[in-house]
Amino acid sequence: MIHPTKLMRGALLALAILGAAPLAGPSVPLLGAVTAQAQEQLVGSVLFEGNRRFSDSQLLAMVDVSASGIFTQQRLAADIESIRQAYDRDGFLSVSVTARTEATTDGRVRVIFNVNEGNRAGIAAINFTGNNSFGANSLKSNLLTKETGILSWLFKDDSYDEQKLAVDRERIRLFYANRGYPDVQVTSVGEYDASKNAYFINFTINEGQKYEFSNVGIETSISGLDTNALKGTVQTGQGSAYSANDLQQSIEDMAYEATVQGYSFVDVRARLDRDVANGTFNVTYLVDEGARLYVERINITGNTKTRDFVIRRELEFGEGDPFNRALVVRGRENIEALGFFSAVEVTTGPGSAPDKVVLNVAVTETSTGEYGATAGYSTVDGILGEVSLTERNFLGRGQYLRAAIGASQSGRTFDFSFTEPRFMGLKVSAGVDVYHRISDESASSFYGSEATGGQFRVGIPLTSDLSGTVFAGMERKVIVDKNPDDSLLVANGQEFYKGFVGYTLSYNTLDDNKKPTEGMLATFTQQYIGWDHNLIRSEAKARYFIPVVEDSGIIASLRGQAGIINDLSGNGVHSVESFIGGSQLIRGFEGRGIGPRIQNGEYLGAVAYAGVSAEVQFPLPGVPENYGLSGAVWADAAWMDGVNVPRLNGNTVDPGSVDVPWRTSIGASLIWESPFGPLRGDFAHVLNKSTSDRTQVFQLTMSSLF
C-alpha cells in the first residue's frame with residue numbers, strides 16, 4: 001500500500017521537474033519527457049489526399065485524432081482502419097490508406113492521410129433460383145441492391161452490403177407474402193470475383209404453396225356495433241390471392257371504422273383457418289372490446305427543427321384520450337406522409353397506473369429545403385431554366401414556401417407560393433399564389449403579353465378520396481405586340497383586367513401519386529371570370545390506371561378531358577380567354593397547332609374541346625430498372641369546336657382550320673425518371689387533321705398525369 005504522504009511528495013517532485021524543463025534548454029533531455037513527447041503530441045491539422053468518394057469533411061468526422069486533438073500511434077492506426085472500413089462498406093475493396101506526419105512551427109504535428117481508392121467493386125449480376133411464379137425483372141425491381149450499369153456512377157446503388165441484402169431478402173419475402181405465398185423462404189449468397197472486381201449475388205427462393213382467401217366473416221361481441229359498415233373495410237375478398245398486407249390493412253381500417261362509430265377501445269384480430277387441400281384460408285375478423293387504456297403522456301423526440309404541435313396534430317388524439325392502436329397506426333402513417341422525417345418510430349410504455357399508457361414518438365428529421373438551378377430543353381418552349389427556393393417545413397411549422405424565377409425562349413416567369421396546411425388549427429389548408437408571367441411573340445403567337453396576378457385558396461378534405469378547393473383572385477394582362485400590324489384580334493398596349501372565383505373537386509384513388517399502377521385521378525374545375533369578361537369556364541379531367549399483367553410493370557391507362565366556356569355577356573368570348581389546343585390535348589401537334597384560326601393565320605382558340613387517350617407503359621427489355629427508363633405506346637383523339645368560336649372582331653374563320661373537327665394520332669414514347677424530373681420524348685404519327693393544323697413528329701416535355 002502506498003502511503004499518502006509519500007504519494008504527495010512524489011507528485012510535488014514531478015511538478016518541479018516539469019517546471020524546470022524550459023530552463024534546462026533543448027539539448028538537456030529530462031528523464032521520461034522524450035518518451036512522452038514521442039508518443040503523444042497535439043494535432044495542428046488533419047489533411048487528406050487522393051480521396052474522391054468521400055469529401056474532406058466526411059473523412060474528418062471519421063478520425064479520432066481530429067476530434068481529440070491529441071496524436072498517438074494507436075489513434076492513428078485506428079483512424080486508418082476507420083477510413084478503410086468506410087470505403088469497404090461502399091464497395092472499394094482494393095482501397096489502401098496510409099498516413100504520414102509533419103512537424104509544424106508551433107511544436108504540433110500535422111497528420112496527412114493518403115487514400116488510394118482503387119476501383120469500386122460493383123454487382124456483376126443478381127440471379128434467382130426457385131422463382132417459378134415471378135420473373136427476375138419483377139423481383140429485381142423490389143431490391144435496394146442494383147446491378148452495375150452505365151449510370152451506376154450517378155445512383156451509387158450497386159454496392160455490396162450485407163445489411164442491405166438482409167433488407168432485400170425481407171422485401172422479396174413480403175413480395176411473395178402479398179401475392180399468395182405465406183410460407184415463402186428466401187436466402188442469399190454473395191460471391192466476390194476478384195478478376196472482375198464485382199459480386200455475383202444469388203437469391204434462392206422456396207415459394208411454398210399458393211393460397212387464396214375463401215369465406216370471410218365478421219364476429220363481434222359488442223352490442224350495437226354496425227357490422228355492415230365494417231364489411232366495407234374488408235380487402236381480403238373471396239377468391240383473391242392471400243396477402244399479408246391486405247389482412248393487416250383490413251384490421252386497421254376495421255378498427256378505425258369501429259372507433260368512428262364510438263367504440264374507442266375496440267380490438268380487432270383475424271382468425272385464419274388453413275385448408276391445405278384446396279389452398280385456401282377462411283378468414284374471420286373478431287371484433288371485441290379491448291383493454292380500457294388511456295394515453296397519459298405523449299413524448300416526442302428527435303425533432304430539432306419541427307415544432308411539437310406539427311407532429312401532435314397528426315395523431316388525431318391527445319393526452320387523456322382513450323388509447324386505440326388503430327389511431328396510433330394511422331397517426332404514424334400521417335406523420336410519415338408529411339415528408340419531414342426519414343424515420344418515424346412509435347412505441348408504448350407503462351404509465352403511472354395500470355390503465356395508463358405513455359406514447360413515445362421518435363423521429364429522424366430529413367432535409368425539407370431545396371434550392372438550386374435547373375436547365376433543360378423542350379420542343380414547346382425551347383431552352384429553359386429555373387432558379388427556385390422551396391421549403392416544405394418553413395420555420396418548423398409544416399408550412400410550404402416556394403419562390404422561383406424561370407426563363408425560356410418563349411418568356412419568363414416569376415412565382416411565389418405559400419401554404420398553411422392547418423389554417424386556424426383546422427383540417428383546412430389555406431394558401432396564396434402570386435405570379436408575373438411574360439410571354440413573347442413566337443412563330444405560333446402573333447403577340448406577347450405580360451400578366452400579373454394572384455389568388456387566395458382554401459382546401460377542404462371531404463372524404464378520404466375526395467377533396468375540394470375554393471379560390472379567388474385577380475389578374476392584369478397587357479398585350480405586347482412588336483409588330484402591331486400582325487394581330488387582328490388585339491392591339492399593342494391593350495389591357496385586360498379580370499377577377500375570378502371558383503372551385504376544384506379532386507378525386508384520387510391512386511396507389512402512388514408519382515408512379516401509379518392502379519386507381520383513378522379526376523378533377524373538375526369551374527370558375528366565374530368577370531371585370532373585363534363575363535363568362536363561366538368549366539373543365540373536367542380524369543385518368544384511370546390498371547396493370548395489364550400483375551407485377552410485370554406493364555400499366556395501361558385511359559385519359560379523358562373536356563372543357564366549355566359559357567359566355568354571359570352576349571358579345572362572345574375574347575380569344576385571350578379561349579382554350580388552346582396542343583400537345584397537352586393531343587400529341588403530334590404543335591402548341592396552338594389545332595383549333596380555329598382567322599384568315600391571316602392568327603390563332604383564335606376554342607370555346608369547347610374534348611379529348612381521349614389510351615396508353616400502355618412498359619419497362620424496356622434488358623434495361624435495369626434503376627435507370628428509370630420505360631417505354632409507351634399510345635393513341636390520341638381530340639375535338640375542338642369549330643362552329644361556336646371566340647369573338648372574331650370582324651374577321652372570318654379560316655375554313656382550313658375547322659374542316660376536320662376530330663384529330664387523331666398514334667405514337668410511341670421514351671420516358672426517363674431523370675434527376676430533374678420525369679422527362680418524356682414522344683414520337684407521333686398524325687392520322688387525321690385539319691388542313692391548317694401544324695404537326696410535329698417529336699416533342700420533349702415534362703411528363704405529367706394529365
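Modeller: In what follows, two strands count as paired if DSSP finds at least two bridges between them, and the model to which this is applied is a predicted one.

Biologist: In which sense do strand 1 and strand 4 pair, parallel or antiparallel?

Modeller: The pairing criterion asks for at least two bridges, and strand 1 is joined to strand 4 (residues 109–116) over six bridges. Among the residues involved is serine 45, whose bridge partner in strand 4 is arginine 110. The sense in which strand 1 and strand 4 pair is parallel.

Biologist: And which residue in strand 2 is the bridge partner of leucine 42?

Modeller: Strand 1 covers residues 41–49, and two bridges join it to strand 2, residues 70–71, with the two strands running antiparallel. Within strand 2, the partner of leucine 42 is isoleucine 70.

Biologist: What covers the buried residues of helix 10?

Modeller: The buried residues of helix 10 are Leu247, Ser250, Ile251, Glu252, Asp253, Met254, Ala255, Ala258 and Thr259. Their cover includes strand 8 (212–220), helix 9 (227–231), strand 9 (266–275), strand 10 (280–289) and helix 12 (325–337).

Biologist: Which elements give two or more residues to the lining of the second largest pocket?

Modeller: This pocket holds about 2,000 Å³ of space, and of its 36 lining residues the closest to the centre are Asn334, Ala337, Ser464, Asn508 and Asn513. By class, the lining divides into 13 nonpolar, 13 polar and ten charged residues. The elements that give two or more residues to this lining are helix 12, strand 16 (399–408), strand 19 (448–461) and strand 20 (466–480).

Biologist: How many charged residues does the lining of the largest cavity have?

Modeller: The count of cavities of 30 Å³ or more comes to one, and the largest cavity has a volume of about 220 Å³. Of the 19 residues that line the largest cavity, Arg559, Arg587, Arg680, Ser704 and Phe706 lie nearest its centre, while strand 24 (554–567), strand 25 (608–619), strand 28 (677–688) and strand 29 (698–702) are the elements giving two or more residues to the lining. Its classes are four nonpolar, eight polar and, for the charged residues, seven.

Definitions and conventions
Residues numbered from 1 in each chain as written. Predicted model: local features only at pLDDT ≥ 70, side-chain atom pairs only at ≥ 80, totals over all residues. Heavy atoms only, no water. Helix = DSSP H or I, 4+ residues; strand = E, 2+ residues; numbered from the N terminus. Buried < 20%, exposed > 50% of the residue type's maximum accessible area, 1.4 Å probe, protein only. Contact = heavy atoms within 4.5 Å. 1 Å grid on protein atoms, 1.4 Å probe; cavity = no way out; pocket = protein on both sides within 12 Å on 5 of 7 lines; lining within 4 Å. Points joined across faces, edges and corners; volume = space filled by probe spheres on them. Nonpolar A, V, L, I, M, F, W, Y, C, P; charged D, E, K, R; others polar.
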